[in-house]
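Dear colleague,

Please find below the structure that I am handing over to you.

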Amino acid sequence: MKKILLTGANGMFATDFIKYCSSDFEIIWFDRMWLDITNFETSKKIISEIMPDIILNAAAYTAVDDAEDIGKLKNFEINTLWVYHLGKISKELNIDFITISTDYVFDGQKKEWYAENDIQNPINEYGMSKYLWEKLAWEENKNTIIIRTSWLYGWWKKFKNFVNTMLKLSKTRNELKVVNDQFWIPTFTKDLAFAIWEIIENIWDFRGKILHFSNSSENAITWFDFTRKIFEISEKNIHVIPCSSSDFQTKAKRPQFSLLKNNSNIQLRNWEDWLKNYLNTLQQENE
Ligand SMILES: NC(=O)c1ccc[n+]([C@@H]2O[C@H](COP(=O)([O-])OP(=O)(O)OC[C@H]3O[C@@H](n4cnc5c(N)ncnc54)[C@H](OP(=O)(O)O)[C@@H]3O)[C@@H](O)[C@H]2O)c1
C-alpha cells in the first residue's frame, strides 16, 4: 500500500481525498496545526520521519480577493515560497511530489480551451503566486506533478462553496442575479480525488507533467448556467437573471475564459452527472 503524506487536510479537496481514497492508500494527513508548511525545518523533520512514497500538497492560500491586498504577502509566502520548499524537500528525500495549481495562471483571453503547455499570463495575485511556483517547482524538482483544476466544489455541509451558497439563498429569495460572462467548467472534488488516485497508482507515467483536470463538458459554462442547473436538479422554482461581471465588482480580476483542455488518458466525468451526485448526497444527508 502506497504511503501518502497529505498537507492542508482540512481543506475542501483534501477532505474528499481522505474520504474516497483511504481504503487504497495509507494516508498520513496533516492540517495546518500539525504541519504548517511555512515552517521549513519542522516540515522537513516530519517528512523525513514518515518517509512517504508521495507528498500530496493540498495546502494553499485560496482567498483570491484578499490576495490582492490584506493577504498579498501570505499568498506568496504559502503558494509560491513554501510549496517550492516542499518540492525541494521531496527532491532531497527522493519522494514523489504532487501539487495543485489553478486555471487562474491563464489570462482568459484565448477564448478557447487552454492546453497544458499554453503560455501562462495571470491577471490576479493568486494566479501570479501559483504561476511563479509552477516555474520554480520544475527548476527545483523536474519530477513534480502539477495538477491544474478549476472551480472546485465539494464535501457538503462543512464548506461554503457556490452550490451550497445558492441553495441557502433559495430559502429566502425567489429570484437571483447571476454572472453570465465568465466561462469555465466546474469540478467536483470527489472526481478530482479519483483522478489523483489514478495518478498515484501509475505515478511513473506522470512524473514531470502538467495535467488539466476539470469535469468534462462540451461547452463552457457560466455561473448563470451552473445556477440554473442547481435549481433544476434540486427542483427549486427560482428565477435566475443573467448579469455581467461589472454588476458584481470583486477585488481580484477573473479570467473571462478559463477552460482547461485535458490531453491525458485520465478523463473526469460529465459536470452535470457529478452535480446530480453531489445534490443527491446532500439531500440524503439532510433527510
Ligand atoms: N477552490 C477552487 O475553486 C480551486 C480552483 C482551482 C485550484 N484550486 C487549488 O486546489 C487546491 C485545493 O483547494 P481547496 O479549495 O480544497 O482549498 P481550501 O479548502 O482553501 O484548503 C486549503 C487548505 O490549506 C490549508 N493551509 C493554508 N495555509 C497553510 C499552511 N501554511 N500550512 C498548512 N496548511 C495550510 C488551509 O488550512 P486552514 O483550514 O487552517 O485555513 C486549508 O485547509 C489548492 O491548491 C487550490 O489553490 C482550488
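Helix 4 (residues 125–140) lies across strand 4 (96–102), strand 5 and strand 9, and runs at about 150° to strand 4. Contact here means heavy atoms within 4.5 Å. Axes are lines fitted to C-alpha atoms, for helices over the stretch in contact, and angles run from 0 to 180 degrees between N-to-C directions. Helices (H or I, at least four residues) and strands (E, at least two) are DSSP runs, numbered from the N terminus.

The model is predicted: local features need pLDDT of at least 70, side-chain atom pairs count only at pLDDT 80 or more, and totals for chains, interfaces and linings use all residues. Residues are numbered from 1 along each chain as its sequence is written, and side-chain values use heavy atoms, with hydrogens and water left out.

Six strands form an open sheet with parallel pairing, in the order 2-1-3-4-5-9. Its edges are strand 2 (26–29) and strand 9 (210–213), each of which pairs on one side only. Two strands are taken to pair if DSSP finds at least two bridges between them. On average, neighbouring strands of this sheet are turned by 25° against each other, direction ignored. Strand 5 (residues 145–149) runs parallel to strand 9 and is joined to it by four bridges; I147 stands opposite L211 of strand 9.

The chain as a whole. The secondary structure of the protein chain comprises eight helices and 10 strands. For 287 residues, a compact globule would have a radius of gyration near 19 Å, and the 19 Å of this chain agrees with that. This radius is taken over C-alpha atoms, and the globule rule is 2.2 Å times the number of residues to the power 0.38. Along its principal axes, the C-alpha trace spans about 55 × 40 × 35 Å. Buried residues make up 52% of the 287 residues, where buried means under 20% relative accessible area, exposed over 50%, and partly exposed in between (1.4 Å probe, protein chains only).

Helix packing. The axes of helix 1 (residues 12–21) and helix 6 (residues 189–201) come within 8 Å and cross at roughly 65°. The contact includes M12, F13 and F17 of helix 1, and L192, F194 and W197 of helix 6. In helix 7 (residues 223–233), the buried residues are W223, F224, F226, T227, K229, I230 and F231. These buried residues pack against strand 6 (152–153), helix 5 (162–169), strand 7 (175–179), strand 10 (239–243) and helix 8 (271–286). Helix 7 is followed by E235, which has a positive phi near 55°.

Loop residues. N141 lies in the loop between helix 4 and strand 5. This residue is buried, with a relative accessible area of 6%, and N141 touches G87, S90, K91 and F97, not counting residues up to four places away in sequence.

Most residues other than glycine have a negative phi. N94, however, has a positive phi, near 60°; N94 sits in the loop between helix 3 (72–92) and strand 4 and counts as exposed at 72% relative accessibility. W151 also has a positive phi, near 40°. The loop between strand 5 and strand 6 holds W151, which is partly exposed, with a relative accessible area of 22%.

Yours sincerely
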